[in-house]
Amino acid sequence: MKHLVIILGDQLDPHSAALDGFNPQTDAVWMAEVAEESTQVWSHKARIALFLSAMRHFAATQTQQGRRVIYHALEAHDFGDLGAALAATCSAEPPERLIMVPPGDERVRQRIVTAAAGLNIAIEWREDRHFIMPRAAFEQWANGRQQWRMEYWYRSVRRATGLLMQGEEPTGGQWNFDAENREAFGAQGPGWLPAPRKFMPDALTQTVLNLVEHRFAQHPGSLAFFDWPVTPDQAQQALDDFIQHRLPAFGAFQDAMWQDEPWLYHSRLSAALNLKLIDPLTVCRAAEAALHQGQAPLAAVEGFIRQIAGWREYVRGVYHQWMPDWLDWNALEADTPLPAFFWTGDTEMNCLHQTLRQTLEYGYAHHIQRLMVTGLFCLLLGVRPRAVHEWYLAVYVDAVEWVELPNVLGMSQFADGGRMASKPYIASGQYLDRMSNYCRHCPYEPKKSTGANACPITTLYWNFLDRHATRFAHHPRLGQQVRNLNRKTDSER
């Protein structure tokens, strides 16, 4: 064997640079399912099943295309981790070189580097073309800047790609239409929406579901609703469905929530993107085409593209700049354990009950449910940031560390002390009341901070400000909230 091309579970790009120049006579694709990737955090059954099913579909396609695939299926070996599986393959049939694109998880990268060094086999690292911008472009942009802000990186991506550009100027005369994208539903709710495109399990996926249900029986979550895209063709169908049915109103209602409505106007594309079943620039171009064809308004299209070409590309850049130190940052000195009900959804707080139950059923919650329900509660309560990170990494089907960790430890929990976000994202229960109908079905009153039926979110909001008043008293965005706290009576405090 000349080249062993390593493909990980979040690298299922059929056009990966790792496959460039592949010679079927001398090279092989290497893939492995190992228990550690499902147990190093207590992974949701649907998350495990999605990765395994997508990996097996990718391997089958590679075989059909005439490439040799060395595939270690979970039920066929007892390797403890990726390093052990790789060592077994290379000991039996040593390649001249390993080829791969960088992993999206620093722990996994270290596993492979250590294994390769022990085998005395070189790794040829190739640029991950799945992303819109190369890592070097972010490093060049970030070099010398005192503060990094996603908005300015996003503008550089727009200029480089021409997305939503008219010459040197942004389409519509402004870069960001976020002010138009914060609407809540009226009293009647979101109205009728067609269900998102479902992908019912084929025989290969059903085999995986049976395996996961048996092998990981004690893990959280359900497989009853598993219908995620597991191939590039299915991911394209999911994109087409979103563009046609939900993109037009996505902008206005991307922050809105509603009782027993998990999907609303969201795309469900993040898992396919993060496993690299679909290319992010393809997704952005499809949204841009919808604008030009009169299918969706500019504010909706810009808001959607900003999430992918802006935020997603940005968090990838900061992850690789700040890891592995980020794991141990805890700027607010939070040390409360994660509440046990995060694994069950058993709480009278309806906003949390709704979001947690939905998460356990589907392995999914949209970005505001993550940031401003579960994330907000953990931030206000003072939960240890690493425990919050590990929970998010475990329970969401789209969770890959490079994208999950910055969003949780930086954006949600402010564990980095403001390197990523200019302020902690805190709010009282009144924000949730404004953006959802959760409070109508809850025994707690969002306006009340004390008393038997006070909203725990509101109580914890003021308690958070009280605990951190010195830190934020002169903060340009939180100083006024601290001054509002100081107007409260001693008995209220």
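## Aromatic pairs

The structure holds 35 aromatic pairs, where rings of Phe, Tyr and Trp (its six-membered ring) pair if their centres lie within 6.5 Å, planes under 30 degrees apart counting as stacked, over 60 as edge-to-face and the rest as tilted. In one of these pairs, the ring centres of W263 and Y364 lie 4.8 Å apart and the ring planes stand at 40°, so the pair is tilted. Because W263 belongs to the loop between α9 (247-253) and α10 and Y364 to the loop between α13 (350-362) and α14 (367-381), the pair ties together parts that are 101 residues apart in sequence. Both W263 and Y364 are buried, buried meaning under 20% relative accessible area, exposed over 50%, and partly exposed in between (1.4 Å probe, protein chains only). Helices (H or I, at least four residues) and strands (E, at least two) are DSSP runs, numbered from the N terminus.

This is a predicted model, in which local features need pLDDT of at least 70 and side-chain atom pairs count only at pLDDT 80 or more, whereas totals for chains, interfaces and linings use all residues. Residues are numbered from 1 along each chain as its sequence is written, and side-chain values use heavy atoms, with hydrogens and water left out.

## Further ring contacts

The rings of F341 and F342 also form a tilted pair, because their centres are 5.5 Å apart and their planes stand at 40°; F341 and F342 are both buried. Elsewhere, ring pairs join F138, W141, W148, W153, W311, Y314, W322, W326 and W329 into a cluster.

Charged side chains also meet rings: the charged end of R268 sits over the ring of W228, 4.6 Å from its centre, and K423 lies over the face of Y425, at 4.7 Å from the ring centre. Here a charge sits over a ring if NZ of Lys or CZ of Arg is within 6 Å of the ring centre and within 35 degrees of the ring normal.

## Salt bridges

Side chains of opposite charge can pair when their charged atoms come close. A search of the whole structure finds 28 salt bridges, a salt bridge being a side-chain nitrogen of Lys or Arg within 4 Å of a carboxyl oxygen of Asp or Glu. One of them joins E127 to R316, with the closest N and O atoms 4.0 Å apart. This pair links distant parts of the chain, since E127 is in the loop between β5 (122-125) and α5 (135-142) and R316 is in helix α12 (residues 298-322), 189 residues apart. E127 is partly exposed, at a relative accessible area of 38%, whereas R316 counts as buried at 6% relative accessibility.

K276 and D128 form another salt bridge, the closest N and O atoms being 3.5 Å apart. They too connect distant parts of the chain, K276 lying in the loop between α10 (270-274) and α11 (280-292) and D128 in the loop between β5 and α5, 148 residues apart. K276 is buried, with a relative accessible area of 4%, and D128 counts as buried at 6%.

## Pairing within a helix and a network

R306 and E302 form a salt bridge whose closest N and O atoms are 2.8 Å apart, and both residues lie in helix α12, four residues apart, about one turn of the helix. R306 is buried at a relative accessible area of 10%, and E302 counts as buried at 0% relative accessibility.

## Individual buried sites

H72 is placed in strand β3 (residues 69-72) and is buried, with a relative accessible area of 16%. The side chain of H72 makes a polar contact with the side chain of T89 (2.8 Å); a polar contact is a pair of N or O atoms within 3.5 Å, where within protein one must be able to donate a hydrogen and the other to accept it, and residues adjacent in sequence count only if both atoms are side-chain atoms. Not counting residues up to four places away in sequence, H72 touches W30, M31, A32, E33, H77, F79, A85 and T89, contact meaning heavy atoms within 4.5 Å.

S428 lies in the loop between α16 (401-412) and α17 (429-435) and is buried, with a relative accessible area of 12%. Leaving aside neighbours within four places in sequence, S428 is in contact with I457, T458 and Y461.

In helix α20 (residues 479-486), the residues G479, Q481, V482 and L485 are buried. Seen down the axis of α20, these buried residues fall within an arc of 160°, so they line one face of the helix; the arc is that of the directions from the helix axis to the C-beta atoms. The cover over the buried residues of α20 includes α18 (456-467) and α19 (469-472).
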